[in-house]
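Thank you all for coming; today I would like to go slowly through one structure, beginning with a single residue and then widening the view to how the chains meet.

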Amino acid sequence: MMTSAEFISPSWLTICVLAPLVGAIINGLILRSRSAMLSGSIATIAMLVSFVCAVMAYLNYGDRFIVETLFPWIQLGKIKVDFAFEYHAISKIMLWVITGIGTMIHVYATSYMSHDKTPFRFFSYLNLFVFAMLVLLLSNNLLGVFMGWEGVGLCSYLLIGYWYQDKKNAAAGMKAFITNRIGDLGFVLALLLLVTYFGELSFSGIIAKHEQIATSLPVWLIPLICFGLFWASTGKSAQMPLYVWLPDAMAGPTPVSALIHAATMVTSGVIVTVKLWPLFVASPLILSIIFWTGLATALLAAFIAIRQNDLKKVLAYSTVSQLGFMFVALGAGAPDAALFHVVTHACFKALLFLAAGSVIHGVHDEKNMAFMGGLRVPMKVTHVCFLMGTLAIIGFPFFSGFFSKDMIIAKALDFNFYGGILLVLAAFLTAYYMLRAYSLTFWGKARSDDSKSAHESSWGMLLPLCVLAVLSVFIGWLETPHILGSIHIFSDLVKSSWYGLDSYGEMKTHTISYELILVALVTGLSLVVAFISWKKNQHLSSDEINDQRGILKNICFNKFYVDEIYSVSFIKSLKALSFLYDLFDRFIIDGLLKLFRPILSLFGIVGNLLHTGNVQSYSWYIVFAVILYFALGIFGL
Amino acid sequence: MELFNQFQGLYFQLFIALTVFSIGVIGFLIRRNLLIMLMCLELMLNGVNITLVSFSKLHQDPGGSVLVLFIILVAAAEAAVGLALIVSLFRRFKNIQVDNLREQKN
Amino acid sequence: MELLEIIQFILGISIVASSILVILNHNPVVSALFLLLSLFFTGAFYFSLGSFFIGVVQILIYAGAIAVLFVFIVMLLDLNSFKISLPGRLLTHFMGVFVGVLFFVLVTYCVLEIPFSGFKESSQNALELSLTAKEISAHMLSKYMLAFQVASLLLLAAMVGVVLLGKPSNFADLQEKDLEHH
């Protein structure tokens, strides 16, 4: 069923990956223009080139498993990795997602950043990010993925802290980078274990080797590797405990949030897990951990989102929650469901973020929903797009989220009934907070002057919104259950990706009636919840919105005090430790050095004596030296 | 020492060369007149030249003689420059004692 | 003992004698003249060895140019030959002689330890086996061509340097008569 790898020289994939890099270099080093139009256009063109190459790759490569090798990268003893890009099942879909949605976000950003003073910085960082992400996606070995991993972390830092003149933004960037770094420990652990025990770093190699030697490995090895990768995912894909950077990352410009924190970077963890799925299947313990962690994250984030007033923060927590859904799917043994949700989520979350950006732009940079309201009149297009996104995310029948979310819920219930119920609760919460955000923003009376004088955004921003809205609605039809047509484009794609292996994992199937009842029930109940939320939240006044009294309300609003807990336990203790180290360094080490001072001065004094300043004495020294050499030569030294 | 008779010529030449060289060294260390010191330099070079010529004769190798030529050449250049320096120093100090070339120590 | 060897011997002793007289005199002019004599005897020594070309070069350049240059400079500079009796002067003399002799002894010991062997002809002094100008120049212009070129550059540099150094650095050095105009 699976074709074997064809190794060819650099071609479409390479151009696809390098185009954004070239764009970044042109923008950042060569042109450095102050015009958003110019730098944005260049960046967008680079992205279009990437997109076109993705299309060409699809047309040319079709079903073949192509590996484009650039150059032999490392050949040290056991390890032999090439710098190569592979065109393979998962890459196909994600490539279209990244380049397509990326292009639209670039178009949007060209209008959004029109008032910025140094737009070339922004666009070069953005292009650089896409480059790193494509390297992450397309590399055929874990080392290249790691390079992309670090690259997206770096660009995330650069972009979150883009307006670094305000210290809060810079701090948010640092938080993102440091938290990611803690996660990277897991990745490195996995890399080292793989090198030591497998001697292979390329994906096809790892899976093939795993087949061969699975029985001869120590029992703890594969779970440890998978745990390392999962730990890295909690950092990159914002799961517990390392999700804390994502809400703060809203300090960056909105296109950044849309691209990085909705569509691409945060899905890296899912991508890597799916690529190495056979290893994960071999460690059921880790899969359980993933399931429960994802579930906890989904629930926690949903609770926090209910009482957030900053529009972007709601969306941020929503992202964390939806990522939790994806990991629940992985834990339940359904990588196809997880990937499907990745794709649909990319579409509607990018849409939501861009629409939010349009809204914020329209109300003159006011982010608090307490001061918005009634915007459906002045901002018609944005309103419709946001509504489409909302309906998608809550799983309104036949929108994209409907298919992907319900697939996940079905698999979760299969895996563990009580866990599944909790997931359903999370889905209801999703419906609640999204409709709350929607109605607070677009319905009711205008609650402030800013919202009274709101204006619609330019077509540069609206066009991508519309395209994404259309996608969000229809992309769900890639994978439908039996009743509705049984289209299985997605699962086929995923199933064909296991590098030559025939059956992967036990992707459970269920009886038709069970699925149907389930779906109907969940959807219906979410719609009810959504309607209640909409009705209730329309008529709130600013003060009522900002009012966070009441214990439960308070806890949710304050993010369950997670950041504060981290601060006290980890950060303060590290600071105390570093203080101790400083004392040690200053007194003990420097003290030792000070002891040596007299000895060194002695050398100096002796040397000083020799420099008589009298030229003739130097000639004596020369002759003495020559005599010394001869004497040493004679008396054998 | 058994070979001495056969090499008598060589040993004598080397002896002469070494003597001249040592005399040059002694003169260089003892005299404080810059001009005399330069002359002792020339003596040292002369001694080296004698050595080279005798070895060149011993091995029938023209390379030694070529080196002698170059040494003479370079000695000429160096003597010229040295003398020019002495003239400048004389203009400065009105005598040419090497004690004038003392650095000031703090 | 052949005549050649006797001549060599005498010439050698003369070289040494005139060298000693170079360093012993306090009058720079006399020292210069004895240097000239020493170089001249060295040239003769080379002749007696059979290195005619080198001997000629020695006399022409070394004795005929360099030593004469010395004499010129001595005449140019108005030097007072003064004897300075500084405290410690005698010690310096002793030390100098001692170091020189020590050096001499050490090197002699080294030389005597060298096992000379594999030489080409029986006698060192055979005049028939001389190194002619032809052989020397053939070597110099082929194998040591680079050194040859560099040496010419060196001479050029020395020339330029000497001219620069010789220029009066400030007008105080010039005397009234030098400022005559045509």
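**From one residue to the chain contacts**

Let us begin with I16(B), which is found in helix α1 of chain B, the helix covering residues 8-30. Please keep in mind that this is a predicted model. Is I16(B) buried or exposed? It counts as buried, because it has 25 C-beta neighbours inside 10 Å, and the threshold for that label is 20 or more. If we leave aside the neighbours within four places in sequence, I16(B) is in contact with I50(B) in its own chain, and also with G12(C), I15(C) and V16(C). There is also T51(B), which is 35 residues away from I16(B) in sequence, while the C-alpha atoms of the two are 8.7 Å apart in space.

Stepping back to the two chains, 64 residues of chain C are in contact with 59 residues of chain B. On the side of chain C that touches chain B, 43 residues are nonpolar, 18 are polar and three are charged.

Now to one pair of helices: the axes of α3(B), residues 62-93, and α3(C) come within 11 Å and cross at roughly 5°, which means that α3(B) is roughly parallel to α3(C). Among the residues that meet here are L69(B), I72(B) and A76(B) from α3(B), and I61(C), Y62(C) and A65(C) from α3(C). By class, this helix contact has 18 nonpolar, two polar and no charged residues.

Finally, chain A: its contact with chain B takes seven residues from chain A and nine residues from chain B, and the chain B side has five nonpolar, no polar and four charged residues.

Conventions:
Residues are numbered from 1 along each chain as its sequence is written. Chains are lettered from A and ligands numbered from 1 in the order in which they are written. This is a predicted model: local features need pLDDT of at least 70, side-chain atom pairs count only at pLDDT 80 or more; totals for chains, interfaces and linings use all residues. Ala, Val, Leu, Ile, Met, Phe, Trp, Tyr, Cys and Pro count as nonpolar, Asp, Glu, Lys and Arg as charged, and the others, Gly among them, as polar. Helices (H or I, at least four residues) and strands (E, at least two) are DSSP runs, numbered from the N terminus. A residue is buried if 20 or more other C-beta atoms lie within 10 Å of its own, exposed if 12 or fewer, and partly exposed in between; C-beta atoms are placed from the backbone. Axes are lines fitted to C-alpha atoms, for helices over the stretch in contact, and angles run from 0 to 180 degrees between N-to-C directions. Angles under 35 degrees count as roughly parallel, over 145 as roughly antiparallel, 65 to 115 as roughly perpendicular and the rest as oblique.
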